[in-house]
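Subject: Structure handover and findings

Hello,

Here is the structure for your files. Please look it over before reading on.

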Amino acid sequence: MAIYKFRITFEDFDDVVREIDIKSNQTFEDLHKAIHRSTGYNAEKPSSFYVSTDNWLKGDEIAYLPNERKKDRVVLMENSKLSGFIEDPHQKFYYIYNFDRPYDFHVELVKIILDADPNIEYPFLAKSTGDAPKIMEQNSPQAVDPRGAVAASEFDFLNEMNFVPEDTDELEAMGEMGINEEERDEDEESEEDEFGDEFSDSDNFEDDSHKDDY
């Protein structure tokens, strides 16, 4: 029984790497769940592998928990053995985890081992480098979106409640405490400059009139 060694990386986090050994007759569902045992993510999310070119262009889709619209157009992970989709010794798959809040991975076959180790239970995590970024879950105030440093609770509140900073009592109170005082000071200074310019012009006018007398 051949063993496939897959190298899995986040598309946006090259320093986070997982290598998973898996039997050729195991399924994409087995690989999907093995990936998330290694990341700590919830595997029960709609996700898909795509047969990929060397440039990570997506081809045929192999889905897990597809929605109704996609069910008739994709093959399912649980019914798809890995060996049925390996056409190259360095076969690549583009992998999208959790379509509700998607994160993209590159999955590449890096080695084919001819004989399984009888002492190993497959899938087997052969290498783990770097901590997987935290997933931003809707009801988890401590979670962080890997694509930014905004806390989930703040992100959802600002967007879902149509937050408008100018309309808050807090900002009005801040203005009373001095936030808008700087603007008033700048306006007063500009008014003083205007008057100063007028006086400056009149002074020059008087000097010119004295010259005319002579």
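Below are the findings on the sheet, the salt bridges and the surface charge.

The model is predicted, so local features need pLDDT of at least 70 and side-chain atom pairs count only at pLDDT 80 or more, while totals for chains, interfaces and linings use all residues. Residues are numbered from 1 along each chain as its sequence is written, and side-chain values use heavy atoms, with hydrogens and water left out.

Sheet

Helices (H or I, at least four residues) and strands (E, at least two) are DSSP runs, numbered from the N terminus. Two strands are taken as paired if DSSP finds at least two bridges between them. On that basis, 8 strands form an open sheet with mixed pairing, in the order 5-4-3-6-7-1-2-8. Strand 5 (75-76) and strand 8 (124-129) are at the edges; each has a single partner strand, so one side of each lacks a neighbour in the sheet.

Strand 1 (residues 3-10) runs antiparallel to strand 2 (residues 13-23), with 8 bridges between them, and a hairpin connects the two through 2 residues. Strand 1 is also antiparallel to strand 7 (residues 103-113), again with 8 bridges. F10 takes part in both pairings: F13 stands opposite it in strand 2, and F105 is its bridge partner in strand 7. Strand 1 is mostly covered, with 7 of its 8 residues buried. Here buried means under 20% relative accessible area, exposed over 50%, and partly exposed in between (1.4 Å probe, protein chains only).

Elsewhere in the sheet, strand 3 (residues 47-52) and strand 4 (residues 58-64) run antiparallel and are joined by 5 bridges. S47 has Y64 as its bridge partner in strand 4.

Salt bridges

Side chains of opposite charge can pair when their charged atoms come close. A salt bridge is counted when a side-chain nitrogen of Lys or Arg lies within 4 Å of a carboxyl oxygen of Asp or Glu. The count comes to 4 salt bridges, including the following.

- D21 and K5 meet at 2.8 Å, N to O. The pair links distant parts of the chain, with D21 in strand 2 and K5 in strand 1, 16 residues apart. D21 is buried at 7% relative accessible area, and K5 is buried at 14%.
- K33 and E29 have their closest N and O atoms 3.1 Å apart. Both are in helix 1 (residues 28-39), and because they are 4 residues apart there, about one helical turn separates them. K33 is partly exposed, at 28% relative accessible area, whereas E29 is buried, at 18%.
- K70 and E61 have their closest N and O atoms 2.5 Å apart. K70 is buried at 10% relative accessible area, and E61 is buried at 15%.

Surface charge

D54, D60, E87 and D88 form a patch of negative charge on the surface. Patches are made of residues with over 30% relative accessible area and no salt bridge, like charges being joined within 9 Å. D88 lies in the loop between strand 5 and strand 6 (92-97), and D88 is partly exposed, with a relative accessible area of 35%.

Regards

Key:
Patch = residues over 30% accessible without salt bridge, like charges linked within 9 Å, V, L, I, M, F, W, Y side chains within 5 Å. Areas by Shrake-Rupley, 256 points an atom, 1.4 Å probe, with all protein chains shown as cover. Lys, Arg positive; Asp, Glu negative; His and termini not counted. Charge placed at Lys NZ, Arg CZ, Asp CG, Glu CD.
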